[in-house]
Amino acid sequence: DEYFYFNDANAYSFDRAHRGWIADFDFNLSGNHQDRIFWGFIIGVKSVNYKGYSEYAETLLDNEGVCGSVAYADERKIKGTGFDVKVGVIVRPIEESPFRFGLSVSTPTWYNLTSKNSSFMLNNTPYGASDDGRSEESYDFHFSTPWKFGASIGHTIGTNVAIGLGYEYSDYGASQNRIIDGYDYYDNAESSTDE
């Protein structure tokens with residue numbers, strides 16, 4: 001039998017491209033009470049659309065020299081929707097003073113997403129397989145961001161100067177990613193969670 005060894009490559013190429021967006025559509029309601037208490041309520045709807053493509057190719061060498069090339073391509077699409085709720089309030093505790101403080105809370109953004117992946121391998125050598133090695137996969141999953149909390153204080157000096165201080169906290173380690181497998185994904189032990 002004759003054996004061939006792919007020991008090296010004398011050329012390669014790698015291409016990668018990403019494109020996508022998360023579009024926000026906000027519906028809000030706000031008001032104030034006697035110019036002392038100002039409040040706002042927002043419902044946000046998200047539209048997710050992402051596409052990534054990568055391709056890697058090599059020209060191979062065997063024990064007789066150049067013997068052809070191989071290429072691997074991968075395409076992934078992620079689409080879906082999400083929603084969240086934001087609530088905030090600003091209070092002027094002293095009627096005669098412009099001093100104010102504010103508090104805000106944002107729920108997690110809950111996403112329902114679908115990931116579709118298509119991979120393709122092309123073997124342009126005399127020793128390659130006869131098929132192209134194409135594979136496709138699709139699955140649905142939930143992704144949620146963490147809660148977000150904010151606080152601020154502010155004061156106005158005269159009519160030209162405003163000063164303020166704000167703080168926002170969110171624990172991104174609390175983000176959750178779960179595959180939808182037909183069961184209640186909060187209780188199903190077979191669902192996967194990434195933290």
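User: What joins the side chains of Lys-46 and Asp-84?
Analyst: In this predicted model, a polar contact of 3.3 Å joins them. A polar contact is a pair of N or O atoms within 3.5 Å; within protein, one must be able to donate a hydrogen and the other to accept it, and residues adjacent in sequence count only if both atoms are side-chain atoms.

User: Which side chains does the polar contact of 2.9 Å join?
Analyst: That polar contact is between the side chains of Lys-46 and Asp-24.

User: Is Lys-46 buried or exposed?
Analyst: Lys-46 is buried, because its relative accessible area is 8%. Buried means under 20% relative accessible area, exposed over 50%, and partly exposed in between (1.4 Å probe, protein chains only).

User: Where does Lys-46 lie?
Analyst: Lys-46 belongs to strand 2, residues 37-62. Helices (H or I, at least four residues) and strands (E, at least two) are DSSP runs, numbered from the N terminus.

User: What does Lys-46 touch, not counting residues up to four places away in sequence?
Analyst: Its partners include Ile-22, Gly-80, Phe-83, Thr-109 and Tyr-111. Contact means heavy atoms within 4.5 Å.

User: Then what is Tyr-111 in contact with, again leaving aside neighbours within four places?
Analyst: Among the residues in contact with Tyr-111 are Lys-46, Val-48, Phe-141 and His-142. Tyr-111 is also part of the largest nonpolar core, together with Val-48, Ile-78, Leu-113 and Phe-141. A nonpolar core is a set of buried Ala, Val, Leu, Ile, Met, Phe, Trp, Tyr and Cys residues joined through side-chain atoms within 4.5 Å.

User: Changing topic: how many aromatic pairs are there?
Analyst: The search of the whole structure finds six. Rings of Phe, Tyr and Trp (its six-membered ring) pair if their centres lie within 6.5 Å; planes under 30 degrees apart count as stacked, over 60 as edge-to-face and the rest as tilted.

User: Why does the pair of Phe-14 and Tyr-56 count as tilted?
Analyst: The ring centres are 6.5 Å apart and the planes stand at 55°, so this pair is tilted. Phe-14 is in strand 1 (residues 8-33) and Tyr-56 in strand 2, so the pair ties together parts that are 42 residues apart in sequence. With Tyr-12, these two residues form one aromatic cluster.

User: And Phe-83 with Trp-110?
Analyst: Their ring centres are 5.2 Å apart and their planes at 45°, so that pair is tilted too. Phe-83 lies in strand 3 (residues 65-91) and Trp-110 in strand 5 (residues 110-124), 27 residues apart. Phe-83 is partly exposed, at 42% relative accessibility, and Trp-110 is partly exposed at 31%.

User: How many helices and strands does the protein have?
Analyst: The protein has zero helices and nine strands. Buried residues make up 24% of its 195 residues.

User: What is the mean pLDDT?
Analyst: The mean is 85, and 84% of the residues reach 70 or more. pLDDT is the predictor's confidence in each residue, from 0 to 100. Over residues 187-195 the pLDDT is below 50. Where pLDDT is low, the predicted coordinates should not be read in detail.

User: What rules apply to the numbering and the values?
Analyst: Residues are numbered from 1 along each chain as its sequence is written, and side-chain values use heavy atoms, with hydrogens and water left out. Local features need pLDDT of at least 70 and side-chain atom pairs count only at pLDDT 80 or more, while totals for chains, interfaces and linings use all residues.
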